[in-house]
Amino acid sequence: MNLTAQEPGSIVATSLLSTELKSIATKVLTSERITFDEAVYLYKHAELGFLGTLANFVREKKSGNRVYFNHNFHVEPTNVCVYSCAFCSYSRLIKNRDQGWELSVDQIMDIVKSYDDQEVTEVHITGGVVPKQDLNFYTDLFRKIKQHRPGLHIKALTPVEFHYIFKKANLSYEEGLKIMKEAGLGSLPGGGAEIFDEKIREQIAGGKCTTQEWLSIHEIWHKMGNQSNATMLYGHIESFEHRVDHMERLRQLQDRTKGFNAFIPLKFRNKENEMAHVPEVSVIEDLRNYAIARIYLDNFPHIKAYWAMIGRNTAQLSLNFGTDDLDGTIDDTTKIYSMAGSEEQNPKLSTQQLVEMIQAVGKLPVERDTLYKVVKEYPLS
Ligand code: V47
Ligand code: SF4
């Protein structure tokens, strides 16, 4: 083989690589899907630089030099929850509800109205699960948001909330999702996925919607012609095989529906939760994980580095390890990660800051809407 160091193919030519790594590299460079075992092999044996080169190759094929972000804010209607996931630093049990907050529809509308003079395109709504915030609560809320600001995209609720709400309302997933859509729901965020392996899920998130229920709700939503995201909570008590199993289930669903936009790996943060004794993984591991996700999920258009969770520096670094999306401006409206120990205690970035973060690594900043329609392109630097 006659390749120069600048060509991505040169990674295959180096004699220092094992036969397995050479074979995986050849597959990736020729757009052939890698297998479950090959992904586990990458987690166990591949060096960071090797993973970065391959992930970048895939990322550039899909998104070129572009890095996406949006103008968004979050609403967390409550942090009280009927569940008690071991990794959650945010929720307060119903019996301790005096330590938490529960917003009314009017209070949430006040938050939405406070953005009237700002160019936000998305409100991301998710939080704990409480009986009072039921089907009527959310349909009333979605209608009021749409009446007030029809152009604002509502990305809201996860299968954890839907499963609970629809069961209480005696509705099938199809019926419930149809009602939510008619009220104004635009897309589903990726939360509540945690880790799909049933045994690990039971240990860290027992009692809430099962893996099958999570996947079914997204599948039904996609088959209704809609889009959503998917997350994976990693870096706790799961193995590499569990991570690949999680991505494999998503890859299969995406083959059937093509409804996922972004995959968002969420690093387990260990402050003040029941799993505080579990150490957090290193930044190197975060980058390796982003890269393997980019390589494995060949049918996902985007890999998102959620900067509020991982911190802006690692998020920026990840742009060279397969990610092509940084989420948004956020405007200090989410508490999930600051309460779990993220370095971003008041997550808020201006457009200028996001643009500069992206330009600083030689990439092209693109403001998008929730469904990745381009809102504005910025220069390289
Ligand atoms: O489902 C909770 C995670 C998720 C911790 O779709 C934790 O665009 C780490 O899904 N350490 C909610 N993770 C957030 C979420 C999300 C965020 C940004 C963008 C999108 C999107 C989705 O947060 C939960 C859970 O997996 N989480 N606690 C913790 N201690
Ligand atoms: Fe409740 Fe979600 Fe926290 Fe689990 S992760 S306790 S479902 S708020």
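I take a polar contact to be a pair of N or O atoms within 3.5 Å. The model I am working from is predicted.

**Entry 1: contacts of ligand 1**

One of the backbone N or O atoms of Gly-191 is 3.2 Å from a ligand 1 oxygen, so the pair falls inside the 3.5 Å cut-off. For Gly-192 I noted a distance of 2.7 Å between a backbone N or O atom and an oxygen of ligand 1. The side chain of Glu-194 places an N or O atom 2.4 Å from an oxygen atom of ligand 1. I then checked how covered the ligand is: ligand 1 alone exposes 620 Å², and the protein buries 95% of that.

**Entry 2: shell of ligand 1**

I listed the residues around ligand 1 and got 24, with Lys-155, Gly-192, Glu-194, Lys-304 and Tyr-337 coming nearest. By class, I recorded 10 nonpolar, eight polar and six charged residues in this shell. On the secondary structure side, strands β7 (228-234) and β8 (260-267) each contribute at least two shell residues.

**Entry 3: ligand 2**

Around ligand 2 I found Cys-81, Tyr-83, Cys-85, Phe-87, Cys-88, Ser-91, Gly-128, Val-160 and Lys-208. I sorted this shell into six nonpolar, two polar and one charged residue.

**Entry 4: the largest cavity**

I searched the whole structure for cavities of 30 Å³ or more and found three. The volume of the largest is about 750 Å³. Its lining has 41 residues, and Gly-191, Gly-192, Glu-194, Ile-336 and Tyr-337 are the closest to the cavity centre. I asked which cavity ligand 1 sits in. Ligand 1 is in the largest cavity, and I noted that ligand 2 also takes its space there.

For the lining of the largest cavity I counted 17 nonpolar, 15 polar and nine charged residues. Helix α7 (159-168) and strands β7 and β8 each give at least two residues to this lining.

**Entry 5: the second largest cavity**

I went on to the second largest cavity, which has a volume of about 50 Å³. I listed its lining as Glu-122, Lys-155, Ser-187, Leu-188, Asn-229, Asn-261, Lys-304, Arg-368, Thr-370 and Tyr-372. By class, this lining comes to two nonpolar, four polar and four charged residues. I marked Lys-155 and Lys-304 in the list, as both are among the residues that come nearest to ligand 1.

Methods:
Residues numbered from 1 in each chain as written. Chains lettered and ligands numbered in written order. Predicted model: local features only at pLDDT ≥ 70, side-chain atom pairs only at ≥ 80, totals over all residues. Heavy atoms only, no water. Near = heavy atom within 4 Å. Polar contact = N/O pair within 3.5 Å; in protein donor to acceptor, adjacent residues only side chain to side chain. Areas by Shrake-Rupley, 256 points an atom, 1.4 Å probe, with all protein chains shown as cover. 1 Å grid on protein atoms, 1.4 Å probe; cavity = no way out; pocket = protein on both sides within 12 Å on 5 of 7 lines; lining within 4 Å. Sits in = over half its atoms within 2 Å of the grid points. Helix = DSSP H or I, 4+ residues; strand = E, 2+ residues; numbered from the N terminus. Nonpolar A, V, L, I, M, F, W, Y, C, P; charged D, E, K, R; others polar. Points joined across faces, edges and corners; volume = space filled by probe spheres on them.
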